[in-house]
Number of protein chains: 2
Amino acid sequence: MGKVATAEVVRFMTDCLRAVGTSEKAAVQQADLLIQADRLGHPSHGLNRLELYVNDIVKGACQPNNEPKVLKESASTAWVDANNVLGATASHFGMDLAIKKARDTGVGWVTVKGSNHNGMAGYWAKKAADKGFIGMAFTNTSPLLAPTRSKQPALGTNPISVVAPGSQGESFYLDMATTAVAVGKIEMQMRKGEPIPSGWAQGPDGKETTDSQIAFDTSCLMPLGGGEQTSGYKGFGLSAMVDLFCGISSGSNYGHHVRAWSHSGDGGPANLGHCFVAVDPQRFAPGFRDRLTDSIQHWRQLEPTNPSLPVLAPGDKEKLNARIADANGTVSYVKQQIESSAALAKRLNVKPMNVIQGQ
Amino acid sequence: MGKVATAEVVRFMTDCLRAVGTSEKAAVQQADLLIQADRLGHPSHGLNRLELYVNDIVKGACQPNNEPKVLKESASTAWVDANNVLGATASHFGMDLAIKKARDTGVGWVTVKGSNHNGMAGYWAKKAADKGFIGMAFTNTSPLLAPTRSKQPALGTNPISVVAPGSQGESFYLDMATTAVAVGKIEMQMRKGEPIPSGWAQGPDGKETTDSQIAFDTSCLMPLGGGEQTSGYKGFGLSAMVDLFCGISSGSNYGHHVRAWSHSGDGGPANLGHCFVAVDPQRFAPGFRDRLTDSIQHWRQLEPTNPSLPVLAPGDKEKLNARIADANGTVSYVKQQIESSAALAKRLNVKPMNVIQGQ
C-alpha cells in the first residue's frame, strides 16, 4: 500500500488528462469524479480507471473537447447527444439539465447517448441531492451479466443510484451494480487464493462456480439474487430496466451491442447511454427530510444479529471511508496501482505522484 | 384444486365487495385488479386477498366510497390523499394523473398517502405502458424485511414494477418484491415439508434458516441478494428506495410505522403510500419500441445452461400463464381457497362461486 495526498492524486490525474489534450475544465471534472470514488472507498472506480480514459482519448475513441448537445427537449425531459466527450462532462451536462427541469416542473428526466464510462453512479445522484432533490443516475456498461438460465452475458453491471437529503446532516445514499458483485471482488478472492460464495459468478459451462480463478477468467457475473432459486431473475430484470432507461431510451448502444470491456481503448467509441433524474421532494408532503432521517436512524439502532456488526444505513460505509480520508488528507492505493500510475506518468511525460509512504 | 370461470370469479368478488357497501365502480375496479393477478399466475395477490379487503371495510379501517383528492400539484407532479379508499381506486386516480402529466411534460410523478393495499404493482405500471408510456409503480407494505445484519424487520416487501411497450406485441414487464421471495413461497415449502434455500428468510435468532416451518413462523424475510456476502444490502437499499418514493415522500405511514400485516382489519387504517410514474419514451430517441423488442428477443435466444430451461425475458412466465387462463376461460384455485371463498359467501350472504371441477 502507498498513501498519497488527496490533492496530489487530483493534480496527477488532471495532468495526465491534460497531457493527452483534454481541456482544463474537462480534466478537472473527470479527476474530481475519480478522486471521490477513492475517497469513498471504491478504488475500482477511482485512479484505477484513469488509464482507461487516457487510452480512449489516445486512440480517438473518446473526444474530450467536443460539446454535448440537446437533441430534443420538453418541459420535463431532454434527450442529449454527449458527442463522445468524457463521462464526467456528459454527466454534468445531463444532470444539470435534469435539475433545472425539476426546479421548473417538479421532475427532470434526461437520457444521454454517445457517452463514455461515467464513473461512480452515486456521484451523479448526489449532485442533485446536494441541491435538495431526490437524485437518480443510471448507466449501461459492457456486457458482463448473464441473464438467469443463460450461459453467456447479455447486459452490463448497469448500476442504479438514488441519493436524497435528510435532516441533521443525514442522507440516503444508494449506489449499486445490478450484478451480485463487481469483477473486482472476484479478483480480490483470486489474489488471496480463496473461493467465492455461490451466486457471484458462472463458469464457462454456465453453472455457478465457487472457484475464484475460473470465475475471474470467465468474467460472467450473476445478477443480484444469484441463481434462479434465490430470485436472480429480479437482478436480471433490474439490469434490463437500467438499460431500458439508458441505451434503449437514448438510442446509444444497448445490451449486447455495447463494446466488450477494454482498458486499451480498442473497439471504437463506447457510445454508452446514461439516464439522470431529479425529483423535487418539496412538491409532496412537508417533512420529507425528517422522515428520511427518522428511517435512517431507526435502521442503525436495530438489534444486530451479531453484536459486533451494527446495522448500517445505505451509504454509511462510504461516509465512514470519506471521513477517514478527509481527516488524513490522503487516500491509499495498492502497490500495483502505485506502480501502474508511475508507468503512466513516464509514458505521458507527466510529473509522477508523490507517494508519502510505502512502495 | 378447483377451476372457476374467470367471469364467475369477478362476479363473486364484485358481489362480496358490494355486500359490504362498496360502490359498484370501486368494487368492479378492485375485482379486476385481483383477477388479473390470478390470471397471471400470482394467486397470492388475487382472490386470496379478497377477504383482507372485505375485513378492512367491515372494521371501518377502509372507506371504499370516499374520494381521493389532490393536495398539491405542479406541471409534472401531484401529491394525493387517497382518503382511505380501496387500493384500486387510489391507484387508478394516481396513475391517471401521472399519465396526464406525462402527456403534457414528458413525465408524471405522483405520490399517494392514506391508501390501502393496492395489489399487484405490475397492474399499475402496465396501465401506463398500455397507453405507450414507460410505467412505474411502487408501494410500501407492512414490515417483513430485515435490513442486512438486523434481527428484526423494518421495511416491507416494497415492490418495484416497470412495464414498457415494445414492437411486435412484445413488452417489458418487471414486477418484483425487493425481498428475496414472498412469504407465500416459504408457506409452499412448509406445506410440502421441504427446506428452503439459504438467503430467503431468518429465524428468531436473526440467522439465515433453511427450516421452512421456522421461517414461516418467524416471518422475517431477507432482502433480494440474501446475506451480506451475496450483497443482500442492495435488496435492503432497494426496499428503502421504494419507501423513500412512497411513504417518506407522501407522508403516509412509512417503514417501521406501517401497521403489522393482518387479515383481520385490526390495527386501524393502513395509511400506505404509493408512487406512480409515467415517462413518455417518444421524448427521446426514435425507435424505442424496436430496440426494446430486439433486446427481449435476444435474451430469449441466448444459449441456456440447461437445454430444457430456456432463457425468459422479464414477464414471460406471467404472459404464458395469462394465455393459458384466457384459452380456458378459467382460473384454478387450491382447495383451501375454494373453501374459504365458500365460507366468505356464506358470511356475506352472497351467491357462492360456481366451481367447475374438483373441490
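Modeller: A polar contact is a pair of N or O atoms within 3.5 Å; within protein, one must be able to donate a hydrogen and the other to accept it, and residues adjacent in sequence count only if both atoms are side-chain atoms. In this predicted model, 41 residue pairs, both at pLDDT 80 or more, are in polar contact between chain A and chain B.

Colleague: Which element gives the most to the side of chain A that touches chain B?

Modeller: Helices (H or I, at least four residues) and strands (E, at least two) are DSSP runs, numbered from the N terminus. Here α8(A) gives the most, with 14 residues.

Colleague: How many salt bridges does the rule find across the interface?

Modeller: A salt bridge is a side-chain nitrogen of Lys or Arg within 4 Å of a carboxyl oxygen of Asp or Glu. The rule finds 4 between chain A and chain B. One of the salt bridges joins K317(A) to E228(B), with the closest N and O atoms 3.9 Å apart.

Colleague: What rotation superposes chain A on chain B?

Modeller: Copies are superposed by least squares on the C-alpha atoms of residues with pLDDT of at least 70 in both. A rotation of 180° with 0.0 Å of shift along its axis brings chain A onto chain B (RMSD 0.0 Å). The two copies are therefore related as by a two-fold rotation axis. In chain A, G225(A) has the C-alpha nearest the axis, 2.0 Å from it.

Colleague: How are residues and chains labelled?

Modeller: Residues are numbered from 1 along each chain as its sequence is written. Chains are lettered from A in the order in which they are written.

Conventions
Heavy atoms only, no water.
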